[in-house]
Amino acid sequence: MTYAIQTHGLSKRIGGHTIVDNLNMNVKAGEIYAFLGGNGSGKTSTLKMIANLWKPTAGSIEVFGKTIKPQSYEYLQNVGSIIEYPRFYERLSARKNLEIHQKLSGYEEKGCIDQVLKQVDLSLSSESPVSTFSLGMKQRLGLARAILTRPSLLLLDEPINSLDPAGIKEIRSLLIDLSKQRGLAIVISSHILSELEEMAATVGIIHRGRMLTELSYQAISEMNRQSIEFMVDDGQKAAFLLHERLGLSKFTVVDAHTIRLYERLNEGGKINGLLSSEGVEVRSMVLKQDTLEDYFLSLVDRSNNHAGESK
Ligand SMILES: Nc1ncnc2c1ncn2[C@@H]1O[C@H](COP(=O)(O)OP(=O)(O)OP(=O)(O)O)[C@@H](O)[C@H]1O
């Protein structure tokens, strides 16, 4: 397995506060990786360390198998990034901004500016000053600049959160295309789960500087399953009946009164009937869609409770 990024025990302390805490991140080459976490959870700080804008306090980072040192800058030729807000020479045109970037990075390939402008759908506005661009256009120009030198890894810090739904859709399909066409690994940080879960092969969830979990797409799809949630007076007895009488196995006992069933969803009435006839009181029966959002919130809850206990 080739990894675009692996961090090992990565930590950052500033002013006595640990803002990235022993973080292990694993981004495979060529995949889209959603880096999810609430405000202030440490996403930008992590990306800054991967881009060598900040030095870690502890731990290490490998990019395509090479350990990053404070003086390593060559690897950045292979890394495009938009960290925090993309800044441009506002009075200059989009094309001029890209020409300057091309010159500074020493990347000579002819025609690449036209190609990326086309890819981000800015060909028609390429001669207009950037100051006349909407936020969405600036985000797209930022992407054009980040992919201009044909990197194998893109680091995008919240590239979609300030866009309207149409803009989000556009950027999302552009990123999926880029990843497919160029085999780019893309790390996208966000605090909006629903926008990323459809496109990401892996999701990493960060909270208070710690990686709570990394999930594959397959695990995510399983999480997006439909289920029937039964609220009952006796969860154990209900579970016994489901298993022994109906031969069901795809269910989870969430707590003493809650059972979530993932099979034979069109037979809810019949199952309800059986439970009742065997003396289990069914208080409610609801069709549910588990989402990554639910999972994320439960992980954060668990982590908060754990932090509370260890104080
Ligand atoms: N230069 C700095 N000096 C001190 N503390 C900082 C600095 N930069 C960030 N922090 C703190 O580190 C924590 C993590 O911030 P970071 O910007 O990495 O989070 P984030 O997940 O990107 O948040 P957001 O989604 O709001 O951008 C926050 O508590 C923030 O206040």
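Which residue sits in the turn of the hairpin that β1 and β2 form? The turn holds glycine 15, with a positive phi of about 50°, and two residues lie between the strands. This is a predicted model, in which local features need pLDDT of at least 70 and side-chain atom pairs count only at pLDDT 80 or more, while totals for chains, interfaces and linings use all residues. Numbering starts from 1 along each chain, as its sequence is written.

Strands β1 (residues 3–14) and β2 (residues 17–23) run antiparallel and pair over four bridges; strands here are DSSP E runs of at least two residues, helices are H or I runs of at least four, both numbered from the N terminus, and two strands pair if DSSP finds at least two bridges between them. Isoleucine 14 has histidine 17 of β2 as its bridge partner.

As for the overall layout, the domain assignment (automatic or from a database) gives domain 1 as 3–221 and domain 2 as 226–289. Their centres, taken over C-alpha atoms, are 44 Å apart.

The largest nonpolar core has 58 residues, and Ala144, Leu155, Ile186 and Val187 have the most contacts inside it. Such a core is a set of buried Ala, Val, Leu, Ile, Met, Phe, Trp, Tyr and Cys residues joined through C-beta atoms within 7 Å; buried means 20 or more other C-beta atoms within 10 Å of a residue's own, exposed 12 or fewer, and partly exposed in between, with C-beta atoms placed from the backbone. Another core, of 12 residues, lies apart from that one and includes Phe230 and Ile271.

Phenylalanine 230 also stands opposite methionine 285 in β15. Strand β12 (residues 226–232) is joined to β15 by seven bridges, the two running antiparallel. Strand β15 (residues 282–289) lies largely in the open, because zero of its eight residues are buried.
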